[in-house]
Amino acid sequence: MIEQFENLLLSTKRGGIENLIEFIRKSDFYKAPASTRFHSCHEGGLLEHTLNVYKCLKNKENNTIWKDIFKDIPEESLIISALLHDLCKTHFYVVDYRNKKNNNGEWEKVPYYTVDDKIPYGHGEKSVMMIEEYIKLTPIEKYAIRWHMGWSEPKENYNTLGKAMGKYPLVLALHEADQEATYLLEEEE
């Protein structure tokens with residue numbers, strides 16, 4: 001999965017992409033979970049999730065609703081948006097321990113993931129900020145990554161979110177792909 005992820009990013013030929021990949025290699029991105037208790041909540045889950053989001057986004061190219069829209073979106077924008085939308089989750093999760101009864105009814109310490117947000121800058125906006133330390137994003141990529149949480153944003157943001165989706169349909173497509181990967185391809189653990 002790492003090779004596929006890196007080859008896709010390299011295929012964008014975006015200036016600085018090698019430095020971004022080097023940052024990712026030195027981070028916990030390849031080992032991090034995608035969530036604390038929901039989808040892909042296991043070692044390597046974040047990498048798995050981003051590739052699943054890319055797969056779901058690419059499948060939209062064959063959809064009668066999306067295919068004309070996708071003709072105007074560069075392939076590199078699909079790759080960057082899907083693979084980097086959750087970059088904010090690097091150095092975000094830590095392992096802690098809690099007591100849980102085992103099958104014999106005895107208490108034992110078991111590991112679980114918890115959040116340790118060292119850079120509290122939001123979610124999508126934090127990913128945009130981190131990515132732009134290495135590569136320049138196009139406006140469509142910035143909007144898609146910033147707003148990929150879609151309707152799980154606070155309701156006070158719905159008007160702005162709707163405007164972003166109207167301006168750049170990739171926002172909606174990435175949000176849908178993220179949800180499809182989460183709820184259809186990945187299991188809650």
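Visitor: What makes helix 1 and helix 5 oblique to each other?

Guide: Helix 1 (residues 2–11) and helix 5 (residues 75–84) pack at an angle of about 140°, and their axes are 9 Å apart. The axes are lines fitted to C-alpha atoms over the stretch in contact, with angles from 0 to 180 degrees between N-to-C directions. Angles under 35 degrees count as roughly parallel, over 145 as roughly antiparallel, 65 to 115 as roughly perpendicular and the rest as oblique. At about 140°, the pair is therefore oblique.

Visitor: What are these values computed from?

Guide: The model is predicted, so local features need pLDDT of at least 70 and side-chain atom pairs count only at pLDDT 80 or more, while totals for chains, interfaces and linings use all residues. Residues are numbered from 1 along each chain as its sequence is written, and side-chain values use heavy atoms, with hydrogens and water left out. Helices (H or I, at least four residues) and strands (E, at least two) are DSSP runs, numbered from the N terminus.

Visitor: Which residues bring helix 1 and helix 5 together?

Guide: Phe 5, Leu 8, Leu 9 and Ser 11 of helix 1 meet Ile 79, Leu 83 and Leu 84 of helix 5, where contact means heavy atoms within 4.5 Å. By class, this contact has 6 nonpolar, 1 polar and no charged residues. Ala, Val, Leu, Ile, Met, Phe, Trp, Tyr, Cys and Pro count as nonpolar, Asp, Glu, Lys and Arg as charged, and the others, Gly among them, as polar.

Visitor: How do you know that helix 7 is oblique to helix 9?

Guide: Helix 7 (residues 139–146) packs against helix 9 at an angle of about 40°, with the axes 8 Å apart. That angle makes helix 7 oblique to helix 9. Ile 140, Tyr 143, Ala 144 and Ile 145 of helix 7 make the contact with Leu 170, Val 171 and Leu 174 of helix 9. These residues divide into 7 nonpolar, no polar and no charged.

Visitor: Why is Glu 6 called buried?

Guide: Buried means under 20% relative accessible area, exposed over 50%, and partly exposed in between (1.4 Å probe, protein chains only). Glu 6 has 10% relative accessibility, so Glu 6 counts as buried. Glu 6 is found in helix 1, and touches Ile 21, Arg 25 and Tyr 30, not counting residues up to four places away in sequence.

Visitor: Why does Thr 114 count as partly exposed?

Guide: The relative accessibility of Thr 114 is 25%, and therefore Thr 114 counts as partly exposed. Thr 114 is found in strand 2 (residues 107–115). Leaving aside neighbours within four places in sequence, Thr 114 is in contact with Thr 36, Phe 92, Tyr 93, Val 94 and Asp 96.

Visitor: Is Lys 13 buried or exposed, and what is its phi?

Guide: Lys 13 has a relative accessible area of 73%, so Lys 13 is exposed. Lys 13 lies in the loop between helix 1 and helix 2. Its phi is positive, about 55°, although Lys 13 is not a glycine. Most residues other than glycine have a negative phi.

Visitor: What makes a set of residues a nonpolar core, and how many residues has the largest one?

Guide: A nonpolar core is a set of buried Ala, Val, Leu, Ile, Met, Phe, Trp, Tyr and Cys residues joined through side-chain atoms within 4.5 Å. The largest has 48 residues, and those with the most contacts inside it are Phe 5, Leu 9, Leu 20, Ile 24, Leu 57 and Leu 84. Helix 3 gives the most to this core, with 7 residues. Ile 24 touches Phe 5, Leu 9, Phe 29, Tyr 30, Leu 84 and Leu 87, not counting residues up to four places away in sequence.
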